[in-house]
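I opened this notebook page to record what I looked up about ring pairs, charges over rings and nonpolar cores. The entries follow the order in which I went through them.

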Amino acid sequence: MEGTSIEVFVGTEKKPQTGPDLKVPAGTGTLRFAVSPQSLFARYKLQGLDENWVQRVDNMFLRVVFFNSHGDQIQTQSFPVSGRSSGWKYSLEDSLFTPRTETVAVPRGAVSISLNMSTAGPSSLVGVFAIKDVNVTSTTKQGAVSKVLMSDSFIPGTQKPPWNKSGTHPSMATRSRLGGEDGSSLVLVIVDDDISAHADWAARIRIPAGVDDGGTLKLSWKEAFSSGLGGNFTAIYERLPAGNYRFLVEDLSLTGEPLQSVTAVSLIVPRVYWKSFWFWGTTGLILSLISVLIGRYLVRRRIRRHLDQERMISEERRRIALDLHDDIGTRVSHISLVASHADNTIQDREASQAFEKISSMSRDLIGALSETVWMLNSNNEDLESLVDFLYRLVNELCRLKKIRCRVDAVFITENQPISYQFRHNVSLAVKESVNNVLKHSEATKLDMKIELERNVLLITITDNGIGISEETRSFGLGLENLNQRMKSIGGTCRFEHLEEGGLRILFAAPLEKKPKNRNR
């Protein structure tokens with residue numbers, strides 16, 4: 001006979017997998033191990049899941065059958081045995097017999113019983129079943145003294161054992177006397193090594209009169225057994241967890257003794273992808289990337305909304321500037337022209353001076369209006385426009401006061417954008433400083449220098465006037481206002497007295513990084 005073979009069926013597949021090392025698909029629901037053992041008897045276990053060996057068992061039994069006076073069976077009661085008895089030692093000679101006692105009610109009309117020891121369970125049932133010291137006593141319903149119907153497997157008063165063989169393979173049933181012939185007990189043995197047949201031992205006993213109406217029978221015997229199912233079999237496992245397994249099949253003798261012959265199949269059940277570490281790692285990475293992309297989208301959308309709002313504000317400022325220039329500027333210019341004409345045509349001195357004053361105020365108003373329009377115009381939000389505006393502003397102020405002026409401005413190599421707040425505060429700070437020089441310093445010369453160092457705009461205004469006192473520096477001439485304007489854009493304002501006379505005002509304003517959005 002060839003060695004034990006193991007075939008593995010995965011799920012509902014009809015084609016088996018064979019070999020010592022197998023890998024099944026992840027998430028497999030059912031695994032079937034079809035085993036053809038080399039021996040008649042075998043046990044198995046799945047290492048990695050089963051802690052103990054699994055042995056297939058079924059029942060052999062000692063049966064009590066009641067008959068009436070016509071020989072008909074009227075009641076049957078079985079006392080099954082399966083697996084191994086507690087004293088089994090792999091051989092009948094070395095095993096300890098286990099005592100057992102049972103009580104059976106006698107049915108009405110029963111006149112005899114048959115004690116039937118049988119291996120007639122499933123066709124594949126095999127093993128060894130032995131009993132000895134069988135005793136049967138009866139008791140009437142009224143509790144009369146028990147009568148012995150069988151003692152030590154014999155009917156009292158007879159020398160011949162009442163046991164007869166039967167079954168489909170009766171030669172498997174034998175008798176022996178363990179320990180020899182010197183008074184040792186009769187042992188009834190069935191060694192069932194045929195998976196397609198069974199054997200029986202049977203003894204017929206008459207029931208005394210008066211016991212059949214509510215009486216009882218007390219049976220006692222000693223038994224030793226080792227039984228199980230032989231032949232080919234299939235072991236089924238459902239939804240195995242991911243891991244490495246070994247399916248082992250060990251051949252056994254008929255008495256259940258291991259034959260040291262083990263056949264093994266190694267099995268790998270991979271983890272389903274959605275339970276694997278790489279899946280959750282990849283999922284986490286993808287979710288993180290999605291979160292980052294969503295976050296970037298939300299930030300960009302907020303920036304876009306801010307830029308759109310800023311663009312709308314810039315466009316509104318530009319519209320207001322154009323309206324001021326086209327409407328109010330034109331009207332003020334017209335007033336200035338009318339006042340000049342009246343000044344030239346009217347001979348009255350006081351009226352002429354009044355019209356001259358109106359004309360001068362109109363020109364000042366036109367200049368202020370031009371500065372306001374420049375401030376509101378979003379097209380001027382770059383450093384080059386600011387430097388050009390400061391150059392024209394200082395030159396014009398000095399020209400009107402007839403003071404010498406020199407402006408050194410940096411050459412702007414790139415059109416760097418600046419905010420409205422930046423150019424508004426810088427231009428007003430420079431204008432206010434120049435006006436203070438022209439009004440209070442008694443200077444005859446003014447120098448202004450504009451530089452750009454490390455993204456910081458530096459403006460220096462120097463005059464040759466009388467300077468300012470400490471009291472005036474702290475509280476007068478709007479100097480505190482200059483400090484506040486520069487602080488509002490993150491800059492500084494310093495004043496220095498010159499030894500040769502005069503004052504130097506130094507402005508430092510860091511340029512902010514502002515994206516250009518005019519063409520959006």
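**Rings, charges and cores**

I began with the aromatic side chains and found that ring pairs link Phe33, Tyr44, Phe233, Tyr237 and Phe247 into a cluster. For the pairing I took rings of Phe, Tyr and Trp (its six-membered ring) with centres within 6.5 Å, calling planes under 30 degrees apart stacked, over 60 edge-to-face and the rest tilted.

The model is predicted, and I noted that local features need pLDDT of at least 70 and side-chain atom pairs count only at pLDDT 80 or more, while totals for chains, interfaces and linings use all residues. Residues are numbered from 1 along each chain as its sequence is written, and side-chain values use heavy atoms, with hydrogens and water left out.

In total I counted 6 aromatic pairs in the structure. Phe33 belongs to strand 3 (residues 30-36) and Tyr237 to strand 16 (residues 233-238), so the pair ties together parts that are 204 residues apart in sequence; for elements I used DSSP runs numbered from the N terminus, helices being H or I of at least four residues and strands E of at least two. Both Phe33 and Tyr237 are buried, where buried means under 20% relative accessible area, exposed over 50% and partly exposed in between (1.4 Å probe, protein chains only).

The rings of Phe79 and Trp221 also have centres 5.9 Å apart, but with planes at 50°, so that pair is tilted. Since Phe79 is in strand 6 (residues 73-81) and Trp221 in strand 15 (residues 216-229), the pair ties together parts 142 residues apart in sequence, and both residues are buried.

I then looked for charges over rings, requiring NZ of Lys or CZ of Arg within 6 Å of the ring centre and within 35 degrees of the ring normal. The charged end of Lys132 sits over the ring of Phe97, 4.8 Å from its centre, and that of Arg204 over the ring of Phe67, 3.9 Å from its centre.

Last, I turned to the nonpolar cores, meaning sets of buried Ala, Val, Leu, Ile, Met, Phe, Trp, Tyr and Cys residues joined through side-chain atoms within 4.5 Å. The largest has 39 residues, and Val426 and Ile459 have the most contacts inside it. Helix 3 gives the most to this core, with 9 residues. Apart from it lies another core, of 37 residues, among them Phe129, Phe154, Ala203 and Ile205.
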